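User: I want to know what stands behind the labels on this model. Take me through them one at a time.

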Amino acid sequence: MDKQGVLQRFTRFGVMGLAALGIMTVTAGAAQAKTTCSNNDRHVICFTINKVGSDLYDVSVGIDVRMSRADADAIIAQAGDPVDAWAMGADWFDNAEFRVPLAWVNSNDNGLSAQFSIRVPYNALDEDPDGGDELYARVRLFDQRTSTKTFKSRELHSPF
Ligand SMILES: [Ca+2]
Ligand SMILES: [Ca+2]
């Protein structure tokens, strides 16, 4: 996989278009993907749940965080993963449902970019046993020089 920014990555798949404005459902062949992207002047985060089988879903998270390349290099050079991602269930108390493993992280002219992905069965997404499910992605950026920064995507709602 190449390592472009989130917006370019999604544009390349024809998904981005209006994605910065909210949630959409995209049909590509037999697969259905739900994506939500949001951004401010500091970052872009995209969260996608893509049904790939009767009980299988590909979950991915992409994030770009604006900073200098030198800062991104310094964060990546730290011991341990510089970022992590969790799929979160939205409730009165938000639960961390499962970790989305880091696929890659890099530095670039716009800052730090990272991509996460995992394939899960439906029960991993079933965060409300007695109702519809609301999931969002939470990404943490561990800058050991300063503090941990947390980024949240918008929610995706079942059916996924
Ligand atoms: Ca819920
Ligand atoms: Ca449910």
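User: What makes the largest nonpolar core a core, and which residues touch the most other members?

Analyst: A nonpolar core is a set of buried Ala, Val, Leu, Ile, Met, Phe, Trp, Tyr and Cys residues joined through C-beta atoms within 7 Å. Buried means that 20 or more other C-beta atoms lie within 10 Å of the residue's own; exposed means 12 or fewer, and partly exposed is in between, with C-beta atoms placed from the backbone. The largest such set here has 30 residues, and I45, F47, V61, I63, A85, A137 and V139 touch the most other members. Two or more residues come from each of strand 3, strand 4 (56–66), helix 2 (69–76), strand 5, strand 8 (111–121) and strand 9 (134–142). Helices (H or I, at least four residues) and strands (E, at least two) are DSSP runs, numbered from the N terminus.

Analyst: Some ground rules. This is a predicted model: local features need pLDDT of at least 70, side-chain atom pairs count only at pLDDT 80 or more, and totals for chains, interfaces and linings use all residues. Residues are numbered from 1 along each chain as its sequence is written, while chains are lettered from A and ligands numbered from 1 in the order in which they are written.

User: What is A85 in contact with, beyond its neighbours within four places in sequence?

Analyst: Contact requires C-beta atoms, placed from the backbone, within 7 Å. A85 meets this with V61, V100, F116, A137, R138 and V139.

User: Why is D41 called exposed?

Analyst: D41 has 5 C-beta neighbours inside 10 Å, so D41 counts as exposed. D41 sits in the loop between strand 2 (31–39) and strand 3 (43–53). Across the chain, buried residues make up 31% of the 160 residues.

User: How do you know that strand 5 and strand 6 pair?

Analyst: Pairing takes at least two bridges found by DSSP between the strands. Five bridges join strand 5 (residues 83–89) to strand 6 (residues 95–100), and the two run antiparallel. They form a hairpin with five residues between them. W86 of this pairing stands opposite R99 in strand 6.

User: How confident is the predictor, and where is the pLDDT below 50?

Analyst: pLDDT is the predictor's confidence in each residue, from 0 to 100. The chain averages 87, and 82% of the residues score at least 70. Over residues 13–22 the pLDDT is below 50; this stretch has 19 contacts in the model beyond near neighbours in sequence. Where pLDDT is low, the predicted coordinates should not be read in detail.

Note on methods. Two residues are in contact if their C-beta atoms, placed from the backbone, lie within 7 Å.
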